[in-house]
Amino acid sequence: MPEQMTIFSLPVVTGILASAVRLATPYLFAAVGEAIGQSSGVLNLGVDGIMLLGAYAAFFVALTTGSLWLGVLAAMLVGLLMGLLMSLISVTLKAEQGISGIGLYMVGLGVSSLLFKVTIGTVKTVVGFKPLKIPLLSDIPVLGEILFQHSLPVYAAFLTVPLAWWFLDRTSWGLKIKAVGHNPTAADSLGVSVDRVRYASVCLGAVLSGLAGASLSLALVNLFQENLTAGMGFIAVALVYFGGWRPVGIMGGALLFSAVNAFQLWMQVLNVKIPSDLAVMLPYVLTIAALALAPSLARQPTALNKPFERGEH
Amino acid sequence: MPPHGTAGTVRPARRVTFDWRDVGFRAVLPALAMVAALLIGAVLLLLLKADPVSAYAAMIQGVFGSVSGFTQSLVKATPLLLVGLGICIAFRASVINIGGEGQIIAGALMATWFSLAFRGWPGWLLLPATMVAGFLAGALWGLIPGLLKVRLNVNEILSTVMMNAIGIQLMNFLLRGPLIDPAGVRAGTFLPQSERLPEHVWLPRLVPQTLLHAGTIIAVLLAAAVYVFLWRTTIGYRIRAVGLNREASRYAGINVPVYQALSLTLAGGFAGLAGVVEVIGVQHRLLEGVTSGYGFSGIVAALFGGLHPLGVVPASWLFGSLLVGADKMQRAVQVPSALIDTVLGLVVMFVVGSALLTRRWAARRAIVAAKGEDR
């Protein structure tokens, strides 16, 4: 079988791994952001909607102004607005978070489709962020190609992992966020404003989800179409559970998920005879299995998905 | 009448449990949510330099201006109602089912395969058997996340979302392989759709020249059945008890995991039935876009109907009308129907956001009533 030989040859394996690193980008931005929000006790299920609107805003601004950076800024701004909307409903009005998140998703899906049809209409492309070879490191055989020949958003996404770890574990802000997520009543009695911390965490997470969308439309596929994300945001939420609310765990999950995805993409390219629709199913089955076998929910913020009301016990 | 207490204290208790002002308040809030969402939609249209008045007028004209428009709103309301009934059962047990899309697909796939495989059966047998099979397939799609939740502690919100993705891919695969229309293969078009289903499995049409089919009546009858199930049977009572207070239910001897898994399974079954009805009532074959997002908009209808089976009936019709109106609006004044997805999302957020106001209102009513009792 010549196909088997090509699949396990060095260039193909290198290619698969490099794709995995690249494809992990939007998941990393979105899941790290979601982890920050969830650490404060708010489950934001609307990530996919924020990503869609962020991807649209980034693409539209880049297309009309020609500036990729203005596009990125627009995506962050859109993320902030969506974060404020989510906070208003889930924190101030104390709504059931799983459902308000679905509402946010539908808003993001609807508004991005509407704006796309009215302002762009057909599928167009932009010249996105170009690969940036890191001097010296990119010349390392194999490893250089896998890790150090990507575009700027890819590096930035991986940079959010240590940054989020430092922020959540080593700053007083991070400790406040976790306190609010684990025991809002205690945090409240110590003078921490639960609502304010939750607003900030959800908004920060939403800005990162906006960036996730921008990385998709300006660095990975360089275009926008209706429902571009096709549920990536929901995978990002699952990755937070899978990673046990730790940035490093999330990175592991994102890389694993993207590796499976890259593997099935390459099998299609190499024309290996397995039904491609069944192969696309693989990552989702894997995600469910991973959630079922995930070590434990011991790290789950105790107050996750629970609106906080003073004097309610 | 509560048996305890003296005759004089009985009346105030009655007043707390039923108050027309209370009913009015609960009905007004969703209506306000709807108006607010439509207003935001109008602002969005203004920003896009479209005329909201003519857009909304085209929607109303599209639904009420013709027999076909009106019957279409009922056709679209039917799957919304079926999905919404399942959502009522799940949400009443505090189990969040986001898996409507996958469950619709499971039901539709099963109905397609079953009616083609057993096409030799007479209609009186094939039609009900197909519906039961589709219900069971949807139920299976709900049972899996249900078991994962109660056995392995997997969050059902996430697993049902994953089951949606798996369902979509499974359908894509089957419609391009085992279930593909042989006529399409012979003609070389390879359209991803199934063969036309045998005519004796089609649901009868209610109004000639329209798509309105008997599934609508079945769905309304099922709404009454779900009401009886939830409020007049022991199992239904336990499902609601689990949703209201898990701990108290456990102490009362209710097997909480069983009822959580059961509620998700039933929710899947009803969504599966929505898939069946789309296939044997409307399209008469399986097409790729069979769900039309009903798995999500069914949640909106259920919330809007106050998670009450009889409330979901008018709510589904309202949203069915919105969907039809949006299609007509797109054709008449070139405003994309995606506007309605936005409005639906806002309605969801506003309705769940207004729950706090409802709770505070109820608390205030209770205090007022208690004061009345003191006097």
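Chain B and chain A meet in a contact (heavy atoms within 4.5 Å) that takes 43 residues from chain B and 45 residues from chain A. This is a predicted model, in which local features need pLDDT of at least 70 and side-chain atom pairs count only at pLDDT 80 or more, while totals for chains, interfaces and linings use all residues. Residues are numbered from 1 along each chain as its sequence is written, and chains are lettered from A in the order in which they are written.

The area buried between the two chains, meaning the accessible area (1.4 Å probe) lost on putting them together, summed over both, is about 3,800 Å², and carbon and sulfur atoms give 83% of that. On the side of chain B, the most area is lost by B:Leu158, B:Met162 and B:Met349, together 17% of what that side buries. Between the chains there are zero salt bridges (a side-chain nitrogen of Lys or Arg within 4 Å of a carboxyl oxygen of Asp or Glu).

Several helices (DSSP runs of H or I, at least four residues, numbered from the N terminus) of chain B each supply at least two residues of the side touching chain A, among them H6 and helix H7 (156-176). H7(B) gives the most, with 13 residues.

Helix H6 (residues 123-152) of chain B also holds B:Ala137. This residue is buried (under 20% relative accessible area, 1.4 Å probe, protein chains only), at 11%. Leaving aside neighbours within four places in sequence, B:Ala137 is in contact with B:Ala106, B:Gly107 and B:Met110. The C-alpha atoms of B:Ala137 and B:Ala106 are separated by 5.5 Å, although the two residues are 31 residues apart along the chain.

Note on methods
Side-chain values use heavy atoms; hydrogens and water are left out. Buried means under 20% relative accessible area, exposed over 50%, partly exposed in between (1.4 Å probe, protein chains only).
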